Amino acid sequence: MRPGVAASRGGTASRAVGEERALTSVAAGDTYGGGQPADQPRLWHVTLSVSGGEAPLTEVRRGLEQLAHDHPFLLTSRYANDHAEIRYWEEARDLHDAAAVALRLWGEHRQTAKLPPWEIVGLEVIDRETYHQRIAEGYGPLPATPVGVHPF
């Protein structure tokens, strides 16, 4: 069993009801890919997809623009009245950390940016090398141009 993970099959729960589970990362080794130390931050391309009940397009756009203003790391957002996609680069030690930040983004900023009460329905986190390899091969997410908030 991995450190920090409670036994769940046939065992008893190790945390109280409503208690948050601590996130833990699994080390990939001393180096990754080109020999970069595993504890050094790397860039990760994140695509977060959200959807839910219909909301006025003007409110969706305003909320995404406010999120981009509050967090200028956002590259581009595309939206419709019932779903949106946010793409950006995240600097994190590993994929686990980048994904954890991405999964908190919508919920933590829903109220301050007045975002619709949608749920996260998709998440892709890929390293910089994979992103550029996909682009070079002609598949994967197109480069985020134009940058900003745009309708689908």
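**Core, sheet and helices of the predicted model**

In this predicted model, W106 is in contact with L48, V50, L64, I86, L115, P116, W118 and I120, its neighbours within four places in sequence being left aside. W106 is also one of the residues that touch the most other members of the largest nonpolar core, a set of 24 residues in which L64, L67, I86, Y88 and W118 share this standing. Two or more residues are given to this core by each of β3 (42-51), α1 (57-70), β4 (74-79), β5 (83-92) and α2 (95-109), and the largest share, five residues, comes from α2.

Helix α1 has 14 residues, which at 1.5 Å a residue should span 20 Å, and this agrees with the 20 Å that separates its end C-alpha atoms. Its buried residues are V60, G63, L64 and L67; because they cover an arc of only 95° around the axis, they lie on the same side of α1. These buried residues pack against β4, β5, α2 and β7 (148-151), whereas the face of α1 turned away from the buried side carries the exposed residues T58 and H69.

The strands form an open sheet of five, in the order β6-β3-β5-β4-β7 and with mixed pairing, in which β6 (119-127) and β7 are the edge strands, each pairing on one side only. From one strand to the next, the twist averages 15°. Strands β4 and β7 run parallel and are joined by four bridges, and S77 stands opposite V149 in β7. Helix α2 packs on the sheet, where it touches β3, β4, β5 and β6, and its direction makes about 150° with that of β6. Helix α3 (residues 128-137), by contrast, lies across β3, β5 and β6 and runs at about 90° to β6.

Note on methods: Residues numbered from 1 in each chain as written. Predicted model: local features only at pLDDT ≥ 70, side-chain atom pairs only at ≥ 80, totals over all residues. Heavy atoms only, no water. Core = buried A, V, L, I, M, F, W, Y, C linked by side-chain atoms within 4.5 Å. Buried < 20%, exposed > 50% of the residue type's maximum accessible area, 1.4 Å probe, protein only. Contact = heavy atoms within 4.5 Å. Expected span 1.5 Å × (residues − 1). Arc of directions from axis to C-beta. Pairing = 2+ DSSP bridges. Axes fitted to C-alpha atoms, helices over the stretch in contact; angles between N-to-C directions.
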